[in-house]
Amino acid sequence: MMKLWKRASGALKDRKSLFSIGFSRKTSFRNPDLDSAIIHATSHDDSSVDYHNAHRVYKWIRSSPANIKPLVHTLSCRVTRTRSWIVALKALMLVHGVLCCKVTSLQEIRRLPFDLSDFSDGHSRPSKTWGFNAFIRAYFSFLDQYSFFLSDQIRGRHKKPQVDSVNLELERIEKLQSLLHMLLQIRPMADNMKKTLILEAMDCVVIEIFDIYGRICSAIANLLIKIHPAAGKAEAVMALKIVKKATSQGEDLALYFEFCKEFGVSNAHEIPIFVRIPEEDIQAIEKVINGVEEKEEIKEKEEEVEQEKGIILVERPELQTIITDKWEIFEDDYCFTSKEIKETDQPRKYNVDPSPLPLIVIDEPVYFTHTLPDLITF
């Protein structure tokens with residue numbers, strides 16, 4: 001009896017919404033035909049999904065960018081007011097289909113125009129609806145980030161190509177892996193969730209997993225070709241992190257598909273074979289990282305040697321070399337003039353010819369190939 005009453009109450013709300021649309025005029029924010037299709041596609045009926053009206057919405061979105069604003073306005077109003085997990089989930093499925101249209105005008109949406117991160121059904125006890133609430137929150141979190149990601153991708157196509165394409169590709173793969181992780185969090189966890197609407201939503205999730213994981217694998221395959229010995233250490237480290245995460249996510253996907261198959265998701269009946277990344281490719285990236293580290297160590301040692309040389313040369317800037325035709329000594333130890341020899345240490349005697357000698361002062365470094373013992377006697 002209670003279930004019939006809820007269905008009747010939900011159907012009455014849908015009719016009331018459709019009735020109010022009949023009196024609205026077409027403006028930049030309102031399109032009565034589009035609004036009607038949205039209300040039908042997000043009805044309170046939990047026994048089926050109105051794909052006919054959902055496809056009408058997709059057709060409107062593809063036909064003109066001007067229909068984005070009415071879509072955002074109507075969906076935002078409907079989701080904000082509802083306390084029904086059925087309406088909330090159908091709205092998310094509709095948004096998911098709109099994002100899959102991948103038209104240029106979607107860049108205007110950026111983040112979703114409503115917030116279901118803290119959604120809670122208001123028509124049943126929490127003990128009965130906690131699983132549905134968690135499902136909707138996880139689904140919303142993914143779509144919110146996915147919408148932002150697609151908007152960035154569409155905007156990026158109209159910009160000039162960047163020079164460092166490897167870094168851009170690495171960042172893109174990381175974002176895709178993050179989206180895949182969020183997709184794997186969407187799953188029915190309560191025992192009372194084996195319903196038609198949940199199964200339909202899981203079919204959408206599984207299809208999206210195939211698409212995103214396929215893009216990750218293709219991107220990694222292209223990336224492994226670009227990561228060569230000439231690549232930088234930061235790029236190689238980031239690539240290694242991505243490759244290891246892809247291996248881990250492949251294992252998570254296998255478990256997820258096993259769960260979906262047991263739950264009865266039709267698109268998961270045939271579990272795909274997830275290709276593991278060869279160990280040789282992982283080792284090749286590690287060699288690139290180790291090679292860069294060795295080069296950096298050699299470069300650091302060379303810089304240290306150069307710094308030590310600089311310190312030695314700068315330490316005695318006043319040091320000069322005096323060269324004569326009979327002897328060679330440093331000026332800071334002995335200072336000679338044409339008339340006398342100045343002794344720096346009185347007890348010592350120098351056996352040097354005191355006759356005037358031509359002095360040549362050289363500022364450049366001089367390398368000597370002979371010694372002085374035979375010329376100077378102490």
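A salt bridge here is a side-chain nitrogen of Lys or Arg within 4 Å of a carboxyl oxygen of Asp or Glu. The model is predicted. Side chains of opposite charge can pair when their charged atoms come close. By this rule there are eight salt bridges.

Start with the network. K102, D211 and R215 are linked in it by salt bridges. One of its contacts joins D211 to K102, with the closest N and O atoms 4.0 Å apart. That pair links distant parts of the chain. D211 sits in helix 8 (residues 196–226). K102 sits in the loop between helix 5 (85–101) and helix 6 (126–157). The two residues are 109 residues apart. D211 is partly exposed, at 30% relative accessible area. K102 is also partly exposed, at 39%.

Now turn to D118 and R137. Their side chains meet in a salt bridge of 3.9 Å, N to O. D118 lies in the loop between helix 5 and helix 6, and R137 lies in helix 6, so the pair ties together parts that are 19 residues apart in sequence. D118 has 63% relative accessibility, and it counts as exposed because the cut-off is over 50%. R137, at 30%, counts as partly exposed.

Finish with D35 and R30. Is D35 buried or exposed? D35 is buried, with a relative accessible area of 1%. Its partner in a salt bridge is R30, and the closest N and O atoms are 2.9 Å apart. R30 is partly exposed, at 26% relative accessible area.

Definitions and conventions: Residues numbered from 1 in each chain as written. Predicted model: local features only at pLDDT ≥ 70, side-chain atom pairs only at ≥ 80, totals over all residues. Heavy atoms only, no water. Buried < 20%, exposed > 50% of the residue type's maximum accessible area, 1.4 Å probe, protein only. Helix = DSSP H or I, 4+ residues; strand = E, 2+ residues; numbered from the N terminus.
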